[in-house]
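Subject: Structure handover

Hello,

Here is the structure I promised to pass on to you.

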Amino acid sequence: MAAERPNAARSRVPHLKLDELLDELQARVDDVRGARDRLNGLLEAVMSVGQELDLPQVLRGITEAAVVLVDAEYGALGVIGGDKKLAEFLPVGISDEQRVRIGDLPSGHGLLGELIGHPEPLRLAELSEHPASAGFPEHHPPMHSFLGVPIRVRNEVFGNLYLTEKRGGVGFEAEDEAVLSTLAVAAGIAIENARLFEEVRLRERWQEVSADVTSALLSGSSESTVLEGMLERARDITAAEMCVFYRVGPHGELRGSLALGEGAEAHQGIVLPSTEGTLPAAAALTEKGLITVADLATDERVTVQRERWKGFGPAVAVTLGTKEKLSGVLMLVRRTGRPPFAAAEVEPLAGFAGQAALALELADRRRDAEQISLLEDHDRIARDLHDLAIQRLFATGMTLQSAQRFVEHPLASERLARAIDDLDATIKIIRSTIFGLREHDAPGEETKLRLRAARAVAAAAAVLGFAPALRTEGLIDTDVPRTVADDAVAVIGEALTNVARHARATRAEVSIVLAEGVLTVVVGDNGVGIPEASRRGGLRNLAERAAGLGGELSLSPYSEGGGTRLEWRVPVRPE
């Protein structure tokens, strides 16, 4: 028995080495299994982010996959904007309640800005020890370990993945960095695919709008209805809060505006003598006729009526037509704080603007053709009235006059004379109608009151900043003497000038009515009313004009909400 003990000791030594080898082998198997599981997880993450084509969903999926792969408690994806700041920040692991308590999302300062400025992987055991660390805002959860990698799309840094707080209280390892870097490569491909898909979808939507606008204009729909539909669709495609369309006159003036969306009421009916000092002017100077700005309210190129853009930031303007002949300008704006318009969003706008300009030009040509046809109808009606109706009425009157001497009964003779007078009055009315129908045929003739009033209102619009409404009633072009018409036009101009200087109005209207031998000119506005000084001095000329023609001037509130209603009434004796 004593001789066997050394052999037993020697047999236990290999047994111990075998246990160590088995433990080491088991550890290596576990490592392989862990690596296999992580590799499978990485492959699944790559496949999942590559299957989605909606960009916001792709970004969300990338961030969630990154958190799972490296076993982090918090993660985020920051999208870098054109100003090298974070245009978007998508966090994972923080509840909505926490986000509200933390406040504004980061914009790219501190440690996050370090990755933006130096797009290389960054791994830290304690992020607060990094020189670029700026601490956390109030209510932010504590974070220590940190791992960040850039996401590149075609060699362009699209954004960064930020992971913090590896579970288990340990720091991120080199293997975590390798896995996350691999995911970032796959993420860049997925983002590029999603962006291409989004660009194609945007182009299709713009082409669809262009086709609908062209079809509607050429089918006879009213221009205002078509433009409203165009603005609504453009606003929806670009996710803009407001859309404004300006018509540009032959001399570069903004003849009026149509606006839809939040705050649109401040931009309706804007009239300016030129585009100078506006974003449309800056867009017209570019090669493509398109310009984007990050903050419209503070852009130095916008100097005219800048207060109208308060609360708005990102904007894009695109011209319709050519530099030699602009037909309009389309503007899309977003509220302050919203992301600026990306190149992919606005690139299809140039093609859309070209299609819309062509459609508007064709609509103008069609309207001109309709106007010519209408004038030809006026000529035909005037000719028929002159050659047929007046001649017959005149012949009937002559017959009645010749028959009057054969009527002996006084009452019958009186009625016959009254009928003859009525025929004469009817002939005068028809002749006035003929003159009105043929007004376009006498270019050298004195301009009629209706057109002169329209020109006075249009001229005042440039000073007011909006276009007043104009309404006419009665035979003002034929039955109002030239001297009275001169005074009426002067009254309109002076009254609208007073509105521009003193009223601070946003709406005004002018009406000219001829009824029962009295010409009434009314100018109303929704402003603050006329001060006493203006009542005593500025309106004296208008009152004197009315008194000189045997009329009167009166003032009253425009509506229950205030404002001023100026009424100028004078008797009219046709020349």
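**Salt bridges**

E347 and R203 form a salt bridge in which the closest N and O atoms are 3.1 Å apart; the term stands for a side-chain nitrogen of Lys or Arg within 4 Å of a carboxyl oxygen of Asp or Glu. The pair links distant parts of the chain, with E347 in helix α8 (residues 343-404) and R203 in helix α5, 144 residues apart. Helices here are DSSP runs of H or I with at least four residues, strands are runs of E with at least two, and both are numbered from the N terminus. E347 is partly exposed at 47% relative accessibility, and R203 is partly exposed at 38%. On this scale buried means under 20% relative accessible area, exposed means over 50%, and partly exposed is in between (1.4 Å probe, protein chains only).

Before the rest, a word on provenance. This is a predicted model, in which local features need pLDDT of at least 70 and side-chain atom pairs count only at pLDDT 80 or more, while totals for chains, interfaces and linings use all residues. Residues are numbered from 1 along each chain as its sequence is written, and side-chain values use heavy atoms, with hydrogens and water left out.

The structure holds 19 salt bridges. Another of them joins E177 to R123, again with the closest N and O atoms 3.1 Å apart. E177 sits in helix α5 (residues 174-218) and R123 in strand β3 (residues 122-124), so this pair ties together parts that are 54 residues apart in sequence. E177 is partly exposed, with a relative accessible area of 22%, and R123 is partly exposed at 37%.

R569 bridges to E567, and there the closest N and O atoms are 3.8 Å apart. R569 is partly exposed at 31% relative accessible area, whereas E567 counts as buried at 16%. There is also one network, in which salt bridges that share partners join E208, D212 and R233.

**Strands around β15**

R569 and E567 come up again in the strand pairing. R569 is the bridge partner, in β15, of E552, and E567 in β15 stands opposite V522. β13 and β15 run antiparallel and are joined by eight bridges. Strand β14 (residues 552-556) also pairs with β15 in the antiparallel sense, over five bridges. Two strands are said to pair if DSSP finds at least two bridges between them.

**A buried aspartate**

D525 is placed in strand β13 (residues 518-525). A polar atom of the D525 side chain lies 2.8 Å from the backbone nitrogen of G527. Leaving out residues up to four places away in sequence, D525 touches V499, A503, A505, R507, A508, Y558, G562, G563 and T564, where contact means heavy atoms within 4.5 Å.

**Nonpolar cores**

The largest nonpolar core has 34 residues, and L449, V480, I492, L496, I512, L519 and W568 touch the most other members. Two or more residues come from each of α10 (449-464), α11 (482-503), β12 (508-515), β13, α13 (540-548) and β15 (564-571). α11 gives the most, with 10 residues. A second, separate core of 30 residues includes L202, L332, F341 and L360. By a core I mean a set of buried Ala, Val, Leu, Ile, Met, Phe, Trp, Tyr and Cys residues joined through side-chain atoms within 4.5 Å.

With residues up to four places away in sequence not counted, L449 touches I476, D477, V480, A485, A488, V489 and I512.

**Two more places to look**

T164 is in strand β5 (residues 156-166) and is buried, with a relative accessible area of 7%. Residues up to four places away in sequence aside, T164 touches A72, E73, Y74, L127, M143, S145, F146 and F172.

L55 lies in helix α2 (residues 55-69). Beyond its neighbours within four places in sequence, L55 is in contact with I191, A194 and R195.

Definitions and conventions:
Polar contact = N/O pair within 3.5 Å; in protein donor to acceptor, adjacent residues only side chain to side chain.
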